[in-house]
Amino acid sequence: MKTFDHVLTVASKEIREIVTNRGLVFSGVFFAGFLSVMNGLGLGDADVGLRAQLNNALFSTCALIAMFVGYLYAGQTYLREKQTGIAETLLCAPVSLRSIWFGKALGVMVPSWIIAILAAATITAIASRNAGQIMMPNSVLIVHLLVAVPLFILAAVALLGFAQLMLGMRENMVVNMVTIFVLFTALAGTQLIVKRAEFVTWGAVGLLVAASLALLAITAGLSRFLSRERIVRTIS
Amino acid sequence: MQSDTAAVIEAFDLTKRFGGPAEPPVLDAVNLRVEQGEVFGYIGPNGAGKTTTLRLFLGLLRPSSGSVRVFGEIPGERDELRARIGVLLENSGLDDRMTAFQSIDYHARLYGVGDRKRKIERLLDFVGLLDKRNERVGTFSTGMKRKLGLARSIIHDPELLLLDEPSAGLDPEAQKMVRELLQELASARRMTVFINSHHLDEVERLCSRIAILHRGRIRACDTVKSLQAGKRGHVRVRLSEPHHAVRAAALLEGWLGPDAISVQGPRIEVSLNGRTTPELVRLLVEDGLSVEEVSPALRRLEDVYFDIVGGEGGAA
Ligand SMILES: Nc1ncnc2c1ncn2[C@@H]1O[C@H](COP(=O)(O)OP(=O)(O)O)[C@@H](O)[C@H]1O
Ligand SMILES: [Mg+2]
């Protein structure tokens with residue numbers, strides 16, 4: 001129960017920090033807005049119908065946009081607090097490292113997920129305008145957006161946060177560059193598959209949920225290597 | 001060397017290395033015992049190993065060898081031990097984006113403090129920041145941040161308070177305020193306080209006992225008074241008549257050499273150079289001088305400190 005309280009305390013603090021920070025909200029919304037408008041406008045004009053393209057885009061692009069925003073916020077949540085030395089005082093509190101680590105991941109996930117939903121709405125709105133009729137996402141996509149996407153962001157941010165806590169500043173620069181590279185490659189990759197045959201199925205959603213849970217479990221296992229000494233000694 | 005009072009902190013040959021075995025350890029076989037209710041000063045120049053020691057007490061670092069116990073426990077093993085300790089580190093650990101109230105509230109929740117609003121407001125009042133409770137920490141001066149950090153460090157009524165350079169970077173007025181706050185905490189709340197500092201003045205006023213750390217080793221550890229008295233072979237002679245001091249000085253100079261004497265008004269500080277106090281008194285009295293008092297010479301803490309750390313004291 002105590003652990004649960006700690007996780008919620010850390011998470012709610014991080015959520016508040018993000019949503020009350022104009023710069024962070026702006027950059028997240030701007031980035032997601034830009035990508036979703038580009039994606040929405042790019043739909044149509046292909047062998048498969050607009051419906052299938054929209055479903056494909058909502059499935060893949062939204063998860064990636066969310067991850068991009070999550071990446072942006074994770075740096076503010078884990079790395080910034082570590083680099084500025086604020087984290088050291090937090091490490092003196094009677095809170096387990098896992099509660100801190102997971103609470104922060106949860107705190108990053110919530111605003112990133114909200115922005116992902118907004119991105120989905122934007123893409124859908126643009127597609128509806130193109131089609132001249134309102135296009136509602138089907139039940140598979142609703143479950144995807146409400147279950148798989150948040151789990152996916154949570155797992156990705158938890159892994160990134162773990163690395164940021166565990167590694168020194170120079171290694172973290174490498175991690176950041178690799179993350180950005182992977183994200184851009186994946187975004188470019190989705191552009192290629194969005195206009196192919198529809199791949200949004202219950203199976204695909206289930207696969208993403210399973211993969212996210214597995215990643216989360218692996219990172220939770222890895223977090224045993226996290227120690228206060230490790231964090232303190234990699235501050236600078 | 002067990003005593004009746006309870007030890008809050010005990011270090012046995014506490015050693016910490018950051019590099020390989022070829023490099024000298026940052027902390028080298030430190031032995032220390034801090035008792036309940038003590039205000040203990042830990043002084044030493046920059047790089048002496050003060051912060052490292054504190055991190056070992058907090059379980060933020062593990063000893064390379066030797067051991068440390070806080071309330072009889074190994075730090076870092078149980079989260080509950082941390083709940084009994086309050087900390088103000090060199091970096092106050094405050095987030096510029098949060099308000100004063102939020103900063104304390106966050107920690108209060110993590111420490112499981114009940115009745116938070118009332119307690120936080122009382123503490124903010126105690127450090128003189130109540131009217132600033134809804135302002136962001138980023139707008140605060142260094143002194144205000146330190147006071148806020150101090151308030152935060154005691155929100156859960158810790159039994160032990162660990163402070164790393166609490167008045168570093170503060171102007172004299174803010175230093176005085178922090179010192180008075182600490183004095184109040186130590187006396188009114190009977191907290192055990194451990195202060196890292198290189199402000200000798202502050203330590204001298206606040207602490208009952210001090211340890212002087214230099215290059216990872218404790219060079220002296222005692223009460224302030226005993227450390228000051230530790231100048232063996234030096235006495236202070238006071239004569240009843242001021243003009244006698246001049247004659248006495250001339251006489252002693254002939255006896256012990258000019259370097260052994262320093263005259264301060266009616267008092268003369270004498271380095272005995274192996275001679276004894278009775279010999280000195282006899283010499284003066286036989287010359288018809290009226291000796292009022294002969295006492296061991298007290299040194300200033302600053303002199304004790306600089307004798308130990310040499311030129312690299314860096315005391316401010
Ligand atoms: N994480 C670390 N890795 C390597 N060396 C360190 C680390 N932390 C401190 N040191 C070294 O240990 C010595 C003592 O540092 P510190 O305990 O901060 O001294 P003080 O607080 O007395 O100024 C310094 O020489 C410092 O460079
Ligand atoms: Mg220090």
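In this predicted model, 28 residues of chain A are in contact with 30 residues of chain B. About 2700 Å² is buried between the two chains, and carbon and sulfur atoms give 53% of that area. Of the area that chain B buries against chain A, B:L60, B:R97 and B:L110 supply 26%, more than any other three residues.

| Item between chain B and chain A | Count |
|---|---|
| Salt bridges | 4 salt bridges |
| Residue pairs in polar contact (both at pLDDT 80 or more) | 11 residue pairs |

The elements of chain B that give two or more residues to the side touching chain A are α1 (50-58), α2 (79-82) and α3 (100-110). Helix α3(B) gives the most, with 5 residues. By class, this side of chain B has 12 nonpolar, 6 polar and 12 charged residues. One salt bridge joins B:D95 to A:R80, with the closest N and O atoms 2.8 Å apart.

Helix α3 of chain B also holds B:S103. Is B:S103 buried or exposed? B:S103 counts as buried because its relative accessible area is 4%, and the cut-off for buried is under 20%. A polar atom of the B:S103 side chain lies 2.8 Å from the backbone oxygen of B:T99. Leaving aside residues up to four places away in sequence, B:S103 touches B:L94, B:M98, B:V137, B:L148 and B:R152.

Conventions
Residues numbered from 1 in each chain as written. Chains lettered and ligands numbered in written order. Predicted model: local features only at pLDDT ≥ 70, side-chain atom pairs only at ≥ 80, totals over all residues. Heavy atoms only, no water. Contact = heavy atoms within 4.5 Å. Buried area = accessible area lost by both parts, 1.4 Å probe. Salt bridge = Lys/Arg side-chain N within 4 Å of Asp/Glu carboxyl O. Polar contact = N/O pair within 3.5 Å; in protein donor to acceptor, adjacent residues only side chain to side chain. Helix = DSSP H or I, 4+ residues; strand = E, 2+ residues; numbered from the N terminus. Nonpolar A, V, L, I, M, F, W, Y, C, P; charged D, E, K, R; others polar. Buried < 20%, exposed > 50% of the residue type's maximum accessible area, 1.4 Å probe, protein only.
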